[in-house]
Amino acid sequence: MTMIICLQAFILSSYRRFQLMRFSVQQINNSTSILPNVFLGYKIFDLCLDTHSFPGILDLISVDGLIEPWADPHRNLTKGPKVIAVVGPFSSTDTSTTVPLFLVDLIPVVSYGAASSAFAEKSKFTSFLRTVNSNKSIIDVISRILQHFNWRWVAFLNSDNDFGIDGLELFMKRIQNADICLAYTKALNDNTNYSQIFKQIEAQKVKVIIVFAPKLTAEALVESAIRLNITDKVWIAGDTWSLNRWLPKLKGIKHIGTVIGVSQPVVPIPGFSDFIYSTRSHVLHENTKQDLFCNQACNCSGLTPEEVISIDPSFSFPVYSAVYAIAHALHNALQCGIGQCDRNITVFPHMVLAELKKSKFRLLNQTVEFDENGDLKYGSYRIVFWNSSGDAQEVGYYELYPSSQFFINGTEIQWHTKGQVPTSLCSQVCPVGYKKTADGIHKCCFKCEICQNGTFINITKDPYTCVSCTEAEWSTEGSTSCNQRVVEFVAFTDTGAVVIMVAAWALVGLSLAVSVLFAINYNTPVVRSAGGPMCFLILICLMLSSVSVYFYFGQPTLSSCILRFLPFVLFYTVCLACFVVRSFQIVCIFKIAAKLPKLYSWWMKYHGQWLVISVAFTIQAVLLLIGYSIDPPKPFNDTFWYRDKIVLGCDISFTATSSSVFLLSLLCCLCFIFSYMGKDLPKNYNEAKSITFCLLLFIFTWIAFITVFILYNGAYIQTLNAFAVLSSLYSFLLWYFLPKCLIIIFQPQRNTQQYFQGLIQSYTKTISQ
């Protein structure tokens, strides 16, 4: 058996592991339960110098001084190399350079310190196993610590070798989907400028520093931090230096901040202390003139047993379990029973490797078993912090098997920030209702912008986007969710709607009553002067126009939107056309007949009044048909004016209806002009005054409605619109027809032929004078 260590510079922790292997082999050789009557031999050498280490490695794998390739058909398989298994090396870099040499003969290599994740790839490292957990596990623990304390802005300092580079790569992959950003990273070596590193860390305002490096590199870094007066940092130590016994007691260590470490559980090795005492006692009585080389029979720089025992115990159990794993594999390969082993069996390295892969045994209350990648199936870490006494106090744990379990008690940590957990953020957490806006290349660096009205932020899904609410929802500024809008429309049961519909029915009733009254008194002068048969057409059109009123209430539909506009515009056009020709006839009889007799005769001969009314009706019907074909009115949900409401209405296209409105306006103007021309006619023939007054009411009504429409956009604009329509109809019914009804009913003496002739004779005398 061979153990490979590195003692180019004397490292007390490595010397301790060296002695631990000697103790393990001696304990096994003295055991009767494992490898009875079989004694293990070993060779331990330093791997720091290639000139010394590689010749020794090549000698170990040689057979009769020769290294024969596998392709040699005459290869002697009855003889094997001098070694059946290797314990070590400790570092990942040394492992990656030496393990391939042992793969030639499938010599099992059981490392107690090589944690690089690359060694899990069995296609390259077939005979490699290890009794330490992979870097992946410790990176998981470190990431859990960062997330637990909400540290998002960190620096990662790693050793410039396979171990450190692998840790950095694993860490970067681990934080890809987490809210952790790597603000600064640097590979450390013997030529590192620590002053420059800390300047850059300070410039980035980083408060948490992860140090993923071997013991000596970490010591150099921390010593530099003390010397350069670096303060108020949280240092996260890897398992290579978290249990360091010297650094926590260094002068000035308390000023650098808080040190939290991840360590392997310290498993006491029974009998090891007694072994060290007996070994050191024996060494001190040896001849002091012998070579002072650190082997098993020398005084290494005058070390006392206490110094060896009290040094950092990290990786002690991995060394111990690595030796025992090989011993158990050899025990099974030799088919050892109670008290004896089969000495007739020639054991080759590949036999030991096969047994190692299958091995499962209990050692110091731990189960040692390897998975298909050669990694342990058990494992855990302890989370420690360096307290004011200079000790590594345990404050949490991370269990890998059988399931992942993480716990840390932050209240036991003596923070350098006087009890408050330190923060390490590039940007402070955005207030509720704010979105993040990237500020640089790191996702942890951002600005905060409040979400505007009509949007909300869901930070669990996307903290960078304010999501728009749907049309049926609303939100205030800085919302985290949307509220349902209240849908508003004027229902048929609304008080205003009921009043207007009753008024519409009243208009129909009054129109019918007037029609009956005019029919009874059809041949009287008042009815004939009001228009005769044209009165009935006007009253019918007023009744038909009132149909529009009922469609302003209830939830809008396509048909209701069409019928809000069409009946009123179409039939009101007929009403206005009637009043236009009626006004024109009044003026024609009293003013134009004498001056333009041909026009008057043509008008009477061809019934010009009915021709004008028919043309106006036809043109308006065609304009409405064309307009509705281009862009018909349709239901519209108004979400613009009220953030918390949806006002249901109708979208009536101005382009599609402008020509119809223009024709209506033109008739209104002509009617007004002719009516105004006849304002000085005889009193009983002065329908022009009544028509002028009705038109003024009509114009003022719609001016008032348009003004309110511009200022108010609620649901009750529909009620006002219906009121404007009804007011336009009542203006003619009340101010044109009602006065004539009163004369017929209450003043029959003014409804005689003699009375009207007297008025005409009086008007004629006035004109002639």
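Here are some friendly notes on this predicted model, taken sheet by sheet and helix by helix.

1. For a landmark, take Tyr 397, whose bridge partner in β15 is Phe 407.

2. **An aromatic pair between α5 and β8.** The whole structure holds 35 aromatic pairs. One of them is the stacked pair of Phe 163 and Phe 212, with 4.6 Å centre to centre and 10 degrees between the planes. Phe 163 belongs to helix α5 and Phe 212 to strand β8, so this pair ties together parts that lie 49 residues apart in sequence.

3. **The three-stranded sheet.** Another open sheet has 3 strands in the order β22-β24-β23, again with mixed pairing. The edge strands are β22 (486-488) and β23 (634-638), and each pairs on one side only. On average, and with direction ignored, its neighbouring strands are turned by 30 degrees against each other. Within this sheet, β23 and strand β24 (residues 645-651) run antiparallel and are joined by 5 bridges.

4. **Helices α17 and α18.** Helix α17 (residues 608-630) packs against helix α18 (residues 654-677) at an angle of about 160 degrees, and their axes are 7 Å apart. The two are therefore roughly antiparallel to each other, and the crossing is left-handed. On the α17 side the contact is made by Ala 616, Ile 619, Gln 620, Leu 623, Leu 624 and Gly 627. Facing them in α18 are Ala 656, Ser 659, Ser 660, Leu 663, Leu 664 and Leu 667. By class, these residues divide into 8 nonpolar, 4 polar and no charged.

5. **Helices α14 and α17.** Helix α17 also has a contact with helix α14 (residues 533-545): their axes come within 12 Å and cross at roughly 15 degrees. These helices are therefore roughly parallel to each other, and α14 passes α17 in a left-handed crossing. Pro 533, Met 534 and Leu 537 of α14 meet Gln 609, Trp 610 and Ile 613 of α17. The contact comprises 5 nonpolar residues, 1 polar and no charged.

6. **Helices α1 and α10.** Helix α1 (residues 12-29) and helix α10 (residues 316-333) pack with their axes 9 Å apart, at an angle of about 35 degrees. The crossing of α1 over α10 is right-handed. Residues of α1 in this contact include Arg 16, Arg 17, Leu 20 and Phe 23, while those of α10 include Val 319, Tyr 320, Val 323 and Tyr 324. The contact as a whole has 10 nonpolar, 3 polar and 2 charged residues.

7. **The surroundings of Glu 473.** Glu 473 sits in strand β20 (residues 473-474). Leaving aside residues up to four places away in sequence, Glu 473 touches Cys 482, Asn 483, Gln 484, Arg 485 and Arg 643. From Glu 473 to Val 486 there are 13 residues in sequence and 8.6 Å in space, C-alpha to C-alpha.

8. **Two backbone details for your checklist.** The peptide bond that joins Gly 88 and Pro 89 is cis, with omega of about -5 degrees. Pro 89 is in the loop between β3 (86-87) and α3 (92-102). Asn 229 is not a glycine, although its phi is positive, at about 60 degrees. Asn 229 is also in a loop, the one between α7 (215-227) and β9 (233-237).

Conventions:
Residues numbered from 1 in each chain as written. Predicted model: local features only at pLDDT ≥ 70, side-chain atom pairs only at ≥ 80, totals over all residues. Heavy atoms only, no water. Pairing = 2+ DSSP bridges. Helix = DSSP H or I, 4+ residues; strand = E, 2+ residues; numbered from the N terminus. Axes fitted to C-alpha atoms, helices over the stretch in contact; angles between N-to-C directions. Parallel < 35°, antiparallel > 145°, perpendicular 65-115°, else oblique. Left-handed = near helix turned anticlockwise from the far one by under 90°. Contact = heavy atoms within 4.5 Å. Nonpolar A, V, L, I, M, F, W, Y, C, P; charged D, E, K, R; others polar. Phe/Tyr/Trp six-rings, centres within 6.5 Å; stacked < 30°, edge-to-face > 60°.
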